[in-house]
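Here are my notes on this model. Please read them with the coordinates open.

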Amino acid sequence: MNRQHVPQALFTQSPPRLGNSFRDDPLLAGWLRRVFPVASLPGIAAELDELGRVAGGALYALQLADRLNEPVLTQWDAWGNRIDEVAVSPLWREAERLTLGHGLVATAYERERGRHARLEQFAKVYLFHPSSDVYTCPLAMTDGAACTLLQSGNRALMERALPHLTSRDPAQFWTSGQWMTETTGGSDVGRSETRAVFEDGCWRLYGRKWFTSAVNSQMALTLARPEGNPQGGMGLAMFYVEVRDGAGRLNGLCVDRLKDKLGTRKVPTAELTLDGTVAELVGQPVDGTRAIEPMLAITRMWNSVCAVASMRRGLALARSYAAERLAFGQPLARLPLHLDTLAGLEAETWGAFLMAFLLVELNGRHECGELDDEQRALLRLLTPLTKLVTGKQAVAVVTEVVESFGGAGYLEDTGLPALLRDTHVLPIWEGTTNVLSLDALLRSDLHSGLAALLGRASACVRGVAEPRLAGAARQGVGAIERAALWLESAQDPERMQAGARRLALTLARALQLVLLCEHAQWLLDHARDARGLAAALRYSRAPVDVMHDFDPSLDRQLLGG
Ligand SMILES: Cc1cc2nc3c(=O)[nH]c(=O)nc-3n(C[C@H](O)[C@H](O)[C@H](O)COP(=O)(O)OP(=O)(O)OC[C@H]3O[C@@H](n4cnc5c(N)ncnc54)[C@H](O)[C@@H]3O)c2cc1C
């Protein structure tokens with residue numbers, strides 16, 4: 001008997017299947033109908049339909065087949081020349097082709113699309129990300145670099161780099177890195193050690209960059225301290241670097257090694273030594289941490305949408321599996337407790353989606369100069385809040401998705417462990433949860449942001465007629481009001497810092513609840529669709545208000561510090 005064959009009498013489970021990720025996503029479809037002008041919808045939907053077909057079909061199949069391929073760094077050629085070439089995986093090469101075809105970066109800069117350019121771009125990113133093996137990482141930084149250069153006012157650099165960063169032509173397209181983190185820290189980049197020296201008529205950089213993702217990019221924006229500048233973030237300046245010269249030679253830098261990471265294993269994240277790297281000053285020779293902020297605002301928006309996309313992918317797989325997998329005589333999908341588990345995840349995904357795309361909408365309108373002061377304050381607060389809460393939600397949802405497959409979820413060749421590992425980076429890079437909570441508390445002009453948030457939430461309550469939705473929306477507004485009261489009454493800075501994460505999560509979850517109620521009402525009114533109502537009510541049952549004051553001296557006692 002050939003033992004490689006499975007005896008016919010034994011059962012084998014059919015794997016989860018993905019369909020067209022666009023057609024299978026009623027949340028996206030409903031939201032598109034709500035935000036886009038009717039006339040532009042068919043064109044947008046046709047492109048999303050094509051992307052959804054590929055993302056759930058050929059690209060997903062390639063992703064599973066390409067599972068074991070990782071980037072390879074070749075440091076030397078046969079003749080002893082230092083070359084530091086990075087070969088990326090086949091899926092990444094295909095992802096670049098799709099990026100250009102669908103203009104995943106370019107769409108945002110095609111100004112004829114007006115205030116909807118960002119919404120259109122991120123609807124595509126949302127469909128593309130989960131099958132891209134995090135090719136969205138270099139795209140986020142590319143978009144961030146384009147935006148930063150646009151705002152810098154440096155005409156020469158804009159003319160040099162922007163046509164590449166926003167191109168749809170493979171011969172022209174560049175991606176950009178963002179070299180900030182050093183061994184001294186990624187949260188506190190003010191401690192950076194990289195020096196900028198003005199030599200022979202140009203700036204040269206000397207130092208070590210500790211995390212540089214997508215090191216195969218053609219350019220990067222980075223921070224360095226011009227000689228003589230003071231310590232701290234104020235003493236840093238932002239520089240533009242091209243990684244190689246016209247002949248392909250490295251620009252005074254070497255790739256020491258690629259990092260061996262928990263996840264994002266297809267992303268070549270490197271440690272670099274800069275040893276006389278020729279660089280151009282983008283703006284002033286000071287205040288680089290402020291100058292690079294537009295980059296972070298954009299990459300945090302990408303992070304938020306990619307987090308929601310990972311949740312959606314996990315749920316699509318879990319729901320497909322639950323429809324097929326039998327336990328106790330029924331498909332899992334019919335077992336009340338399994339259904340309850342998946343419904344909780346679905347409601348989380350709806351809340352995260354609506355918040356992430358509100359952020360996208362505000363950014364798009366900001367770029368078109370349409371925001372007033374109040375809306376700008378809301379945008380400043382929403383950027384860290386959305387990034388931090390969606391990162392946490394994605395990890396929680398995808399963790400539960402893995403469990404929903406039982407033992408199969410733990411097996412590498414299902415692709416599920418990779419989805420989980422890739423999701424785990426979302427709360428870390430582009431600012432950890434704590435750092436973003438403090439950013440919201442201390443740096444985003446919280447008081448005006450809070451007033452704007454409360455205004456947005458209260459307007460929402462007024463527009464919600466369905467009594468259960470109105471009750472849930474009031475619950476959200478109440479949580480925001482209590483958070484605002486805490487902030488007003490808090491006197492002790494140490495206590496405030498210690499409560500920053502609870503404050504941020506409360507505001508974020510309360511806003512998600514309110515947005516869910518608003519969208520649910522719209523779906524009832526315009527599509528007679530009660531799924532939004534179910535999502536909002538389900539979401540409202542989970543704790544929204546996680547605020548509580550706590551004495552940090554008790555924390556010290558607990559930890560023995
Ligand atoms: C896969 C991957 C790719 C990356 N790619 C890039 C890249 O391309 N470019 C780049 O510049 N960086 C990159 N990074 C680095 C990333 O941005 C940093 O790791 C991150 O910002 C955290 O910095 P750190 O690692 O130095 O941690 P630390 O700053 O040392 O933080 C350690 C812990 O302390 C907490 N903490 C720090 N400050 C405070 C505070 N004031 N209050 C409370 N808690 C605090 C943090 O929340 C964290 O939990 C990448 C990281 C990863 C994992």
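1. Helix α9 is largely enclosed by the rest of the structure, because 26 of its 32 residues are buried. Buried here means under 20% relative accessible area. Keep in mind that this is a predicted model.

2. The geometry of α9 holds up. The helix runs over residues 293-324. At 1.5 Å a residue, its 32 residues should span 46 Å, and the end C-alpha atoms are 47 Å apart, which agrees.

3. Helix α9 also matters for the second largest pocket: with nine residues, α9 gives the most to the lining. At least two lining residues each come from α1 (26-35), α5 (117-128), α9, α10 (336-367) and α18 (531-541).

4. How much space lies in the second largest pocket? The figure is about 730 Å³. The pocket is lined by 31 residues, and those closest to its centre are Asp-24, Arg-312, Leu-315, Arg-319 and Glu-346.

5. The lining of that pocket can be split by class. It has 19 nonpolar, three polar and nine charged residues.

6. Now the ligand. There are 21 residues around it, of which Gln-178, Thr-181, Gly-186, Ser-187 and Thr-432 come nearest.

7. For Ser-187, a ligand oxygen atom is 2.5 Å from a side-chain N or O atom.

8. A polar backbone atom of Ser-213 is 2.8 Å from an oxygen atom of the ligand.

Key. Residues are numbered from 1 along each chain as its sequence is written. This is a predicted model: local features need pLDDT of at least 70, side-chain atom pairs count only at pLDDT 80 or more; totals for chains, interfaces and linings use all residues. Side-chain values use heavy atoms; hydrogens and water are left out. Helices (H or I, at least four residues) and strands (E, at least two) are DSSP runs, numbered from the N terminus. The expected span of a helix is 1.5 Å times one less than its number of residues. Buried means under 20% relative accessible area, exposed over 50%, partly exposed in between (1.4 Å probe, protein chains only). On a 1 Å grid over the protein atoms alone, a cavity is a set of points where a 1.4 Å probe fits but cannot get out, and a pocket is an open set with protein on both sides within 12 Å along at least five of seven lines; lining residues have an atom within 4 Å of a point. Grid points are joined across faces, edges and corners, and a volume is the space filled by probe spheres set on the points. Ala, Val, Leu, Ile, Met, Phe, Trp, Tyr, Cys and Pro count as nonpolar, Asp, Glu, Lys and Arg as charged, and the others, Gly among them, as polar. A residue is near a molecule or strand if one of its heavy atoms lies within 4 Å of it. A polar contact is a pair of N or O atoms within 3.5 Å; within protein, one must be able to donate a hydrogen and the other to accept it, and residues adjacent in sequence count only if both atoms are side-chain atoms.
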